[in-house]
Amino acid sequence: MIIEIKVPQLPESVEEATLLQWKKKEGDAVARDESIIDIETDKVVLEIPAPQAGVLVSIARKEGDSVTSNDVIATIDTDAVAAGAPAPAAAAPAPHVVEDKKRVEAAAEAHGVEASAVGFGTAVMPAAKKLAADANVDTSGVAGTGRGGRVLKEDVQAAIAGGGNKPTPAAPSPAKAPTPVLLPAGDRQEQRVPMSRLRQRVAERLLQSQATNAILTTFNEVNMKPLMDLRNKYKDRFEKDHGVKLGFMGFFVKAAVHALKKYPIVNASVDGSEIVYHGYYDVGVAVGSPRGLVVPIIRNADQLSLADIEKTIADFGKRAQEGKLTVEELTGGTYTISNGGTFGSMMSTPIINPPQSAILGMHATKDRAVVENGEIVVRPMMYLAQSYDHRIIDGREAVLSLVAIKEAIEDPARLLLDI
């Protein structure tokens, strides 16, 4: 049977994608669900798996081509066997099952793939499969307690708790933009490197933001000592109890939500001639990735504990490096926080992420001389910058919301008392 491999349905906000590197060539055996090519959208890189096991008989689109939803990019012959692979054995009782199994085993053997990886052997339930993948657990060594020996989510959880099989295969490298070549000095050479689709989209959105928003930036400074003292006091206990490190970003997310509740216009957006007030707080946190800066969204941040926020941020950071963030996680948001201080930035004017109306820029914390109660003292200080769309946010709300963030950071008890 000839099966077409198609580009999956892309989200409404994504018009097209670009084919990256083919991982298979024509005539290669492929296992079911084995990744055969990655496609790059303006937000994420998506893996395209083989829908069935067989042989890749044709490749219709080449690397670098632009594609849209449901475009046919290749075909697989499920009845073929890769060159050099042993022919499948004659059918036995339940012929369609046995024949498929032997054919897939032959193709898998030719390509060095375990037969269990292509759909035969112990059945693994979807929830268990996802959990095992996230925890890097080999399900072939997990005893299934479900009906017919199926591996359940609880079986994987038991394997994790008991230190079950955790192989350490080489992780696939996330797709990266072309790396510029180091050109010899003095030769006046040039090199042209195509922008990735993500970089093109970032450039487009930045120009859109500056062209459509009346951007102003207000500044303030915050004494980080109270927060640093609080963190130093509880960081060990926090990590022990919650399994995640206690950072500063979680506090800033909490402080931002605190300020947005007091000044809802900063959490609003413009839609034509209307102002849209959002009754939820979806905070974007800018993180670096091999493909550039991405902004995954912490949904309903007002309903999450500090530990939940820190876990979400840590998960975003890890999956951003692996290129595993989803389109949905990078879409939407009502407010953004960007921390240039991790790279040493002392001051910046961040650009609003449309259709949002404001963004907070954090910067490096440095010891500086400040005046307290008429005396000069040294304190760890951070400059804060909040850019805002002056079309709907007046200077009063912009300044006061930034002051509310500053006060919450300098006196974290405010977050508990909501004052």
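A: Strand 1 is joined to strand 8, residues 72–77, by 5 bridges, and the two run antiparallel. The model is a predicted one. Within this pair, I5 faces A74 of strand 8. The pair belongs to an open sheet of 4 strands with the order 1-8-6-3 and antiparallel pairing. Its edges are strand 1 (2–6) and strand 3 (29–30), each of which pairs on one side only.

Another open sheet, also of 4 strands, has the order 5-4-2-7, and its pairing is antiparallel. Here the edge strands are strand 5 (45–49) and strand 7 (66–67), each with pairing on one side only. Strand 2 (residues 17–22) and strand 4 (residues 35–40) are connected by 3 bridges and run antiparallel. W22 stands opposite I37 of strand 4.

T18 lies in strand 2, and its relative accessible area is 14%, so T18 counts as buried. Leaving aside residues up to four places away in sequence, T18 touches D38, I39, E40, G64, D65, S66 and R197.

Side chains of opposite charge can pair when their charged atoms come close. The side chains of D65 and R61 form a salt bridge, at 3.5 Å from N to O. D65 has a relative accessible area of 15% and is therefore buried, whereas R61, at 24%, is partly exposed. Both residues belong to a network of salt bridges that links R61, K62, D65 and D71.

A further salt bridge joins the side chains of K25 and D28, at 3.4 Å from N to O. K25 has a relative accessibility of 55% and so counts as exposed. D28, in contrast, is at 18% and so counts as buried.

Over the whole structure, a search finds 21 salt bridges. One of them is made by the side chains of R368 and E221, at 3.9 Å from N to O. This pair links distant parts of the chain, since R368 is in strand 18 (residues 365–372) and E221 is in strand 9 (residues 215–223), 147 residues apart. R368 is buried because its relative accessible area is 17%, while E221, at 29%, is partly exposed.

Parallel pairing is found elsewhere in the chain. Strand 12 (residues 283–285) is joined to strand 16 by 3 bridges, and these strands run parallel. The bridge partner of G284 in strand 16 is T336. Strand 16 also pairs with strand 17 in the parallel sense, over 4 bridges. In this pairing, S338 has G361 of strand 17 as its bridge partner. The loop between strand 16 (335–339) and strand 17 (358–362) contains M346. M346 has 32% relative accessibility and so counts as partly exposed. Together with F219 and M347, M346 makes a nonpolar surface patch of about 250 Å².

An α-helix has 3.6 residues a turn, so residues three or four places apart point the same way. After helix 7 comes G323, with a positive phi near 70 degrees.

Finally, the chain as a whole can be described. Its secondary structure comes to 9 helices and 19 strands. Of its 419 residues, 38% are buried. Among contacts with a separation of 6 or more, 63% are between residues 24 or more positions apart. The accessible surface is about 22,600 Å², and carbon and sulfur atoms account for 52% of that surface.

How values were computed: Residues numbered from 1 in each chain as written. Predicted model: local features only at pLDDT ≥ 70, side-chain atom pairs only at ≥ 80, totals over all residues. Heavy atoms only, no water. Pairing = 2+ DSSP bridges. Patch = residues over 30% accessible without salt bridge, like charges linked within 9 Å, V, L, I, M, F, W, Y side chains within 5 Å. Areas by Shrake-Rupley, 256 points an atom, 1.4 Å probe, with all protein chains shown as cover. Salt bridge = Lys/Arg side-chain N within 4 Å of Asp/Glu carboxyl O. Buried < 20%, exposed > 50% of the residue type's maximum accessible area, 1.4 Å probe, protein only. Contact = heavy atoms within 4.5 Å.
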